Amino acid sequence: MNQCDWILDGRKVRGEYLGTPVVGTVESSRVKYGGMVQYTVKLDEPIRLRWRAEPVITVLLDEDEVDEVVAK
């Protein structure tokens with residue numbers, strides 16, 4: 001296994017954010033304190049959350065919330 005397999009910058013991923021399915025492109029990958037990987041994902045389609053007036057276009061997904069890497 002390559003040491004940098006966790007870096008998904010520029011790749012399209014499918015996952016779940018607060019129970020809502022999302023698809024988008026990873027803008028950055030980072031390792032959080034404790035070793036968990038977190039991705040900043042710019043969504044293809046904005047999502048609406050009950051507690052926000054405006055649509056959300058960028059979300060943070062932990063590695064266990066990413067279901068699939070769709071494309072490079």
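A salt bridge is a side-chain nitrogen of Lys or Arg within 4 Å of a carboxyl oxygen of Asp or Glu. The legends below describe a predicted model.

**Figure 1. Asp-62 and Lys-32 are joined by a salt bridge.** The N to O distance between the two side chains is 3.1 Å. Asp-62 belongs to strand S4, while Lys-32 sits in the loop between S2 and S3, so the pair ties together parts that are 30 residues apart in sequence. Asp-62 is buried, because its relative accessible area of 17% is under 20%. Lys-32 has a relative accessible area of 22% and is partly exposed.

**Figure 2. Arg-14 and Glu-68 form a salt bridge.** Their side chains meet at 2.7 Å, N to O. Arg-14 is part of strand S1 and Glu-68 is part of strand S5, so this pair links parts that lie 54 residues apart in sequence. Arg-14 is partly exposed, at 35% relative accessibility. Glu-68 is also partly exposed, and its relative accessible area is 37%.

**Figure 3. Arg-52 forms a salt bridge with Glu-54.** The closest N and O atoms of this pair are 2.4 Å apart. Arg-52 is partly exposed, with 37% relative accessibility. The value for Glu-54 is 38%, and this residue too is partly exposed.

**Figure 4. Five strands make an open sheet.** The order of the strands is S4-S3-S2-S1-S5, and the pairing is antiparallel. S4 and strand S5 (66-71) stand at the edges; each has a single partner strand, so one side of each has no neighbour in the sheet. From one strand to the next, the twist averages 40°. Strands of a sheet pair through backbone hydrogen bonds.

**Figure 5. S1 and S2 are antiparallel partners, with a loop between them.** The two strands pair over 6 bridges. Glu-16 stands opposite Pro-21 of S2. Leu-18 is placed in the loop between S1 and S2. Leu-18 is exposed, because its relative accessible area of 55% is over 50%. The C-alpha atom of Leu-18 is separated by 9.2 Å from that of Leu-49, and these two residues are 31 residues apart along the chain.

**Figure 6. The largest nonpolar core has 15 residues.** Those with the most contacts inside the core are Tyr-17, Tyr-39, Val-41, Ile-47, Val-59 and Leu-61. Strands S1 (12-17), S2 (20-31), S3 (37-47) and S4 (56-62) are the elements that give two or more residues to this core. S3 supplies the largest share, 5 residues.

**Figure 7. Ile-47 and the residues it touches.** Not counting residues up to four places away in sequence, Ile-47 touches Tyr-17, Thr-20, Val-22, Pro-55, Val-56 and Val-59. Among the residues with the most contacts inside the largest nonpolar core are Ile-47, Tyr-17 and Val-59.

**Figure 8. Gln-38 is a buried residue of strand S3.** The relative accessible area of Gln-38 is 12%. Leaving aside neighbours within four places in sequence, Gln-38 is in contact with Ser-28, Ser-29, Arg-30, Lys-32, Leu-60, Leu-61 and Asp-62.

Technical notes:
Residues numbered from 1 in each chain as written. Predicted model: local features only at pLDDT ≥ 70, side-chain atom pairs only at ≥ 80, totals over all residues. Heavy atoms only, no water. Core = buried A, V, L, I, M, F, W, Y, C linked by side-chain atoms within 4.5 Å. Buried < 20%, exposed > 50% of the residue type's maximum accessible area, 1.4 Å probe, protein only. Helix = DSSP H or I, 4+ residues; strand = E, 2+ residues; numbered from the N terminus. Contact = heavy atoms within 4.5 Å. Pairing = 2+ DSSP bridges. Axes fitted to C-alpha atoms, helices over the stretch in contact; angles between N-to-C directions.
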